[in-house]
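Subject: Structure handover and notes

Dear colleague,

I am passing on the structure below, followed by notes on what was found in it. Please read the notes with the structure open beside them.

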Amino acid sequence: MKLLPTAIDWRAPRTIVAIVVIATFALLPVLVGDEGGFYVKFATRVLIYALAAIGLNFILGFGGMVSFGHAMYVMLGAYCVAIPAQHEITSGWAHIAIALAMTTVIAAGAGAVALRTTGIAFIMITLAFAQMLFFGAVSLKEYGGDDGLTLATRSNFALFDISSNAGLYYFAFVCVLVALYLSWRAVLSPFGLILRGSKANTRRALALGHPVFRYQLVAYVLSALACAVAGVLLANLTQFASPAYGAWTLSGELIVIVILGGLGTVFGPLVGAVLLLALEEVLPTLVEATLPDYKSNWMLLLGLFIFFIALALKRGVFGSLRGGKQ
Amino acid sequence: MTALVTENLVKRFGGVQATDNVSLTVEDGQLHAIIGPNGAGKSTLIGQIAGEIAPDSGHVALLGKDVTTLSVFARANLGLARTYQITQLAKEFTALDNVLMATNARASHNFSFWKNAHDDSDAVSHSLAALAKVGLLDAKNRTVAELAHGEQRQLEIAMALATGPKVLLLDEPLAGMSQGESAAMIALLKSLKGRYPILLVEHDMDAVFSLADRISVLVYGRIIASGTPEEIRNNVEVRAAYLGEEATA
């Protein structure tokens, strides 16, 4: 069975699920109405995690590079909002531009070092870089250090007003749609073909004449950029940036989202983000209502769920559905 | 022009002399075969020519250019294409996608992120032509996992051809093939002979003696004889060291 469809089949389960998910997101603020502020903020968080996971999936799912440090780019994006804001730079486009520029430089450097290795060593080096950046942020005493930085106002995106929760929600939604579309194009392009081929057989890709390292590095930087934009949005959602955004646990959560949704499917990360964050929200309440004595053990249930998904659906929830024409 | 030259290649692994002063030449349009018993150092030699293994000393020249210090992909971009003894394919890919990956190596610095790889009609038709050359056109939409062993070997050749090679390095293309598959592969190799300079490593003696213009015999990392099939057949040392049983049987 082939992993990637070459064209969209409008009646395939994957297509239908994708359309339902996107339509639900598109209508969500209208569906929950004015009283549903909590849900809108929650769904914004889902979209932000999905955006970061789409970025990670580009190298993890399609390039076979298990980065255990992608949260550092989320944190970097968040600080690229908070620090300029501290200096009265409130333009959102400036924030995004700074985040993209900083991330390109840092990801190119970190990637160039990490990609000298593969497998466990790659995982460890990406984790090490994330820890370095994490403690780097902790040491920024003038920018809150450990406590992080609060934002007085959200970024100003001129035409796109994100000062309201719905405005920010739709801005995040558009970012996710753009990221999905770009990764769909890139995955099916010659670049994506060679990236996927290098994952399947690096030795063969090299012997054909492909400079695999360059392809992987470009993919790594692109994937970091998606995470940085997610960080810009996250800072705006919480009006806060802190080293905690770069914690290794968030890097781990991103990996879980990608695997849960379906490694190497373009749409999987969005499904994975919906599932993981919904469970993280619902399970504690559920456990508290039924077994109040065990309310702090809800993660056990989450672990079991992930366990069964990994066992029963080797290719994740979305990845196990039938795709398009092959 | 000489297609491929190795000059005094030496490679040691600990106390083992895997390649011992190997000098050989593949002339343009020539099929040069290397034979030798298991453990003779054939794979190590191929590895040094392709760039996967760095020699301790000596040189490799491709089309008159010294490539000893060049990486695997840089040598490939100069026109060296190879197949592997153990097939090296993208298993989840279809036959066509495997060849498309090879076709895209023709312009490897042209990063294209946008256009669907399948919409590039030039690349697709070039890839289909390569599949047709090896007789795999009907299998284009099957994944590697769905291909028989012999078909996977043919696919390896199609990929090598699709890169637009100037020199072919074929590492035991007949390995593990059934008799029928072998016959088809030998016919395919015959069709390539003369069109590309080929360095062929092969165990199948009948195939080697019917295909090769020139044969070098590798024993314990050293070339003990080099010559036309006729010369090799009649070489006393070769018969003693290698062909012995087969020749007297």
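In chain B, six strands form an open sheet in the order β6-β7-β8-β3-β9-β10, with mixed pairing, where strands count as paired if DSSP finds at least two bridges between them. Strands here are DSSP runs of E of at least two residues, and helices are runs of H or I of at least four residues, numbered from the N terminus. The model is a predicted one, in which local features need pLDDT of at least 70 and side-chain atom pairs count only at pLDDT 80 or more, while totals for chains, interfaces and linings use all residues. Residues are numbered from 1 along each chain as its sequence is written, and chains are lettered from A and ligands numbered from 1 in the order in which they are written.

The edges of this sheet are β6 (80–83) and β10 (222–227) of chain B, each of which pairs on one side only, and the twist from one strand to the next averages 15°. Angles run from 0 to 180 degrees between N-to-C directions, and axes are lines fitted to C-alpha atoms, for helices over the stretch in contact.

Within the sheet, β7(B) runs parallel to β6(B), to which four bridges join it, and B:R82 stands opposite B:L169 in β7(B). β7(B) also pairs with β8(B) in the parallel sense over four bridges, with B:L199 in β8(B) as the bridge partner of B:L169. Together with helix α6 (residues 179–192) of chain B, β7(B) and β8(B) make a right-handed β-α-β unit, meaning that, with the strands pointing away from the viewer, the path from the first strand over the helix to the second runs clockwise. β8(B) (residues 198–201) pairs in the parallel sense with β3(B) (residues 31–35), again over four bridges, and there B:A33 stands opposite B:L200.

How many residues of β7(B) are buried? Five of its five residues are buried, where buried means that 20 or more other C-beta atoms, placed from the backbone, lie within 10 Å of a residue's own. In a regular strand the side chains alternate between the two faces of the sheet. Here B:V167, B:L169 and B:D171 point one way from β7(B), whereas B:L168 and B:L170 point the other way.

Chain B also has an open sheet of four strands in the order β2-β1-β4-β5, with antiparallel pairing. β2 (16–27) and β5 (65–66) of chain B stand at its edges with a single partner strand each, so one side of each is left without a neighbour in the sheet.

Turning to the interface, 23 residues of chain A are in contact with 31 residues of chain B, contact meaning that the C-beta atoms, placed from the backbone, lie within 7 Å. α7(A) gives the most to the side of chain A that touches chain B, with six residues, and that side divides into 13 nonpolar, six polar and four charged residues. Ala, Val, Leu, Ile, Met, Phe, Trp, Tyr, Cys and Pro count as nonpolar, Asp, Glu, Lys and Arg as charged, and the others, Gly among them, as polar.

The axes of α7(A) and helix α3 (residues 95–103) of chain B come within 10 Å and cross at roughly 110°. That makes α7(A) roughly perpendicular to α3(B), a label used for 65 to 115 degrees, with angles under 35 roughly parallel, over 145 roughly antiparallel and the rest oblique. A:L193, A:I194 and A:G197 of α7(A) make this contact with B:D97, B:L100 and B:M101 of α3(B).

Best regards

Notes
Contact = placed C-beta atoms within 7 Å. Buried ≥ 20, exposed ≤ 12 C-beta atoms within 10 Å, placed from the backbone.
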